[in-house]
Amino acid sequence: MEDNLADVFDHSFSWYLIWKVVVPAKVKFFIWRILRNALPCKHNLRVRHMYIDECCPVCGVGMETDFHILYCCSFARSCWLLSNLGWVSFSSLNTMLSYVLTFLSVSQREKVFILIWSLWTHHNDIVWNQIFQQPIYMVNRARVVLEEWQLARLHFRVTNSSTKPLAAAVWQPPSLGQYKYNIDISVQANGSYGLGMVV
Ligand SMILES: [Zn+2]
């Protein structure tokens with residue numbers, strides 16, 4: 001993967017590409033927030049004048065930017081490598097996502113999105129619940145989340161697209177003491193018509 005893509009990413013175009021990726025809506029929205037630089041990571045909060053420690057709670061070394069949490073952190077890097085999606089140096093998360101949305105296959109985009117979202121939930125688990133996981137657990141969990149969601153989606157589509165065949169019209173005799181008229185009309189190309197009736 002190359003690192004020479006423009007960081008500037010048209011948001012209307014990116015949103016269109018993001019929305020086409022078949023992952024849960026919350027994951028798409030999360031990716032969109034990344035592109036809008038709207039994640040509440042420590043660095044962004046610091047920029048907004050909240051004076052907090054910016055150290056990454058996962059590795060304890062780097063500055064907690066969204067790019068660090070989701071891609072550059074040693075933990076994130078291990079996850080990317082274990083996922084077989086690979087890891088190559090990019091200058092920003094925006095650049096990385098530009099590459100993903102432009103060059104990767106549909107299934108790879110789905111895996112990238114789910115892994116990014118899983119890395120963020122893992123980060124939150126550490127911050128709020130002090131729950132640390134191993135990279136291999138994270139990667140497997142991301143895969144299972146995607147597979148289960150796809151299966152559920154498929155099941156929903158099959159269930160809702162199954163149409164019951166219309167019941168064939170079956171002639172029923174009239175009730176005792178009543179008459180039934182069976183009528184058939186044919187119209188010819190020259191405008192003539194025929195009428196048949198059976199009582
Ligand atoms: Zn880190």
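Helix α5 passes helix α8 in a right-handed crossing, a crossing being right-handed if the near helix is turned clockwise from the far one by less than a right angle, and left-handed if anticlockwise. The helices here are DSSP runs of H or I with at least four residues, and strands are runs of E with at least two, both numbered from the N terminus. The structure is a predicted model, in which local features need pLDDT of at least 70 and side-chain atom pairs count only at pLDDT 80 or more, while totals for chains, interfaces and linings use all residues. Residue numbers start from 1 along each chain as its sequence is written.

The axes of α5 (residues 74-82) and α8 (residues 135-161) lie 9 Å apart, and the two helices pack at an angle of about 55°. Such axes are lines fitted to C-alpha atoms, for helices over the stretch in contact, with angles running from 0 to 180 degrees between N-to-C directions. That angle makes α5 oblique to α8; under 35 degrees counts as roughly parallel, over 145 as roughly antiparallel, 65 to 115 as roughly perpendicular and the rest as oblique. On the α5 side, Phe75, Ser78, Cys79 and Leu82 meet Pro135, Ile136, Met138 and Val139 of α8, contact requiring C-beta atoms, placed from the backbone, within 7 Å. By class, this contact has 7 nonpolar residues, 1 polar residue and no charged ones. Ala, Val, Leu, Ile, Met, Phe, Trp, Tyr, Cys and Pro count as nonpolar, Asp, Glu, Lys and Arg as charged, and the others, Gly among them, as polar.

Helix α8 also packs with α7 (residues 106-129), here at an angle of about 125° and with the axes 9 Å apart. The two are therefore oblique to each other, and their crossing is right-handed. From α7, the contact is made by Glu110, Lys111, Ile114, Leu115, Ser118 and His122, and from α8 by Met138, Arg141, Ala142, Val145 and Leu146. By class, the contact of α7 with α8 has 6 nonpolar, 2 polar and 3 charged residues. Met138 of α8 is listed in the contact with α5 and in that with α7.

Turning to burial, α6 is largely enclosed by the rest of the structure, because 8 of its 11 residues are buried. A residue is buried if 20 or more other C-beta atoms, placed from the backbone, lie within 10 Å of its own, exposed if 12 or fewer, and partly exposed in between. The buried residues of α6 are Leu93, Asn94, Thr95, Met96, Leu97, Ser98, Val100 and Leu101. Met96, in α6 (residues 93-103), counts as buried because it has 23 C-beta neighbours inside 10 Å. Leaving aside neighbours within four places in sequence, Met96 is in contact with Tyr71 and Phe90. Phe67 is 29 residues from Met96 in sequence, with a C-alpha to C-alpha separation of 9.5 Å.

In helix α2 (residues 25-35), the buried residues are Val27, Ile31 and Ile34. Seen down the axis of α2, they fall within an arc of 55°, so they line one face of the helix; the arc is that of the directions from the helix axis to the C-beta atoms. The face turned away from this buried side carries the exposed residues Ala25, Lys26 and Phe29. Just after α2, Asn37 takes a positive phi of about 55°.

Overall, the chain has 8 helices and 2 strands, in the sequence order α-α-α-α-α-α-α-α-β-β. Of its 199 residues, 26% count as buried.

Key
Two residues are in contact if their C-beta atoms, placed from the backbone, lie within 7 Å.
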